[in-house]
Amino acid sequence: MYFPTILLKLVVVLGALALVLQCLRYCLESKQYVFNKDDIAKLAKQYAGLDHELAFSKVVLELRKKYPGHILPDEDLKWVFVNAGGWMGSMCLLHASLTEYVLLFGTAVDTSGHSGRYWAEISDTIISGTFRQWKEGTTKSDVYYPGDTIVHKPGEATSVQWTAGTWMVEYGRGFIPSTLGFALADTIFSTQDFVTLFYTLQVYIKGMLLEAHTYLTEVGVF
């Protein structure tokens, strides 16, 4: 009697989980998003090939003009190390919500590792340097250069490699919390750099609070 009871509970739990995932998928597909990946890519491509710091300043300025209230103010823009999948880079978060993020990303040293596998689509437009990607199930890699946009589909996994001085503009759309486990795992279990962990969580929370404030303002609460 004990085993059938456990099996029944397991079936109920799995069924409930499947229902939740389906509801989440429907919500993500029907949601109206703030940003469009093609617009972000087009904007970043305009400044590809420039000095990355100059390009980033122009990108941030244009994003603030086009999406007022959705980009963090200068005092909250902070470069934070990212250790994930064996590679090390740095990010500067511009926007964050449960379903979208926009950030600047890159590395000052050669680095490579695993891309991660998410319930989100991530696109990167290269400003400077080179990016190499080796897709799962293939035996050859592809190299991308300034102006190119790389799209990482939900559920995909690749090997990634950045040369020193590679910088890009990144946009993510989907269930963003699904990316955090991968993004923070190396920091928690490998480097144990809890200062970086604090900075990462701090800026993500600030992005969420800004987005909540903007939404409440738009619907007339404030």
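Is tryptophan 87 buried or exposed, and at what relative accessibility? Tryptophan 87 counts as buried, at 9% relative accessibility; buried denotes under 20% relative accessible area, exposed over 50%, and partly exposed the range in between (1.4 Å probe, protein chains only).

The model is predicted: local features need pLDDT of at least 70, side-chain atom pairs count only at pLDDT 80 or more, and totals for chains, interfaces and linings use all residues. Residues are numbered from 1 along each chain as its sequence is written, and side-chain values use heavy atoms, with hydrogens and water left out.

**Aromatic pairs**

The whole structure contains 14 aromatic pairs. Rings of Phe, Tyr and Trp (its six-membered ring) pair if their centres lie within 6.5 Å; planes under 30 degrees apart count as stacked, over 60 as edge-to-face and the rest as tilted. Two tilted pairs are tabulated.

| Pair | Centre to centre | Angle between planes |
|---|---|---|
| Tryptophan 87 – phenylalanine 182 | 6.5 Å | 55° |
| Phenylalanine 131 – tryptophan 162 | 5.4 Å | 50° |

Tryptophan 87 belongs to strand E2 (residues 87–96) and phenylalanine 182 to helix H4, 95 residues apart. Helices (H or I, at least four residues) and strands (E, at least two) are DSSP runs, numbered from the N terminus. Because phenylalanine 131 is in strand E6 (residues 131–135) and tryptophan 162 in strand E9 (residues 158–162), their pair ties together parts 31 residues apart in sequence. Phenylalanine 131 is buried at 7% relative accessibility, as is tryptophan 162 at 6%. One aromatic cluster includes Trp87, Phe131, Trp162 and Phe182.

**Backbone**

Glutamine 192, in the loop between helix H4 (177–191) and helix H5 (194–218), has a positive phi of about 50° although it is not a glycine.
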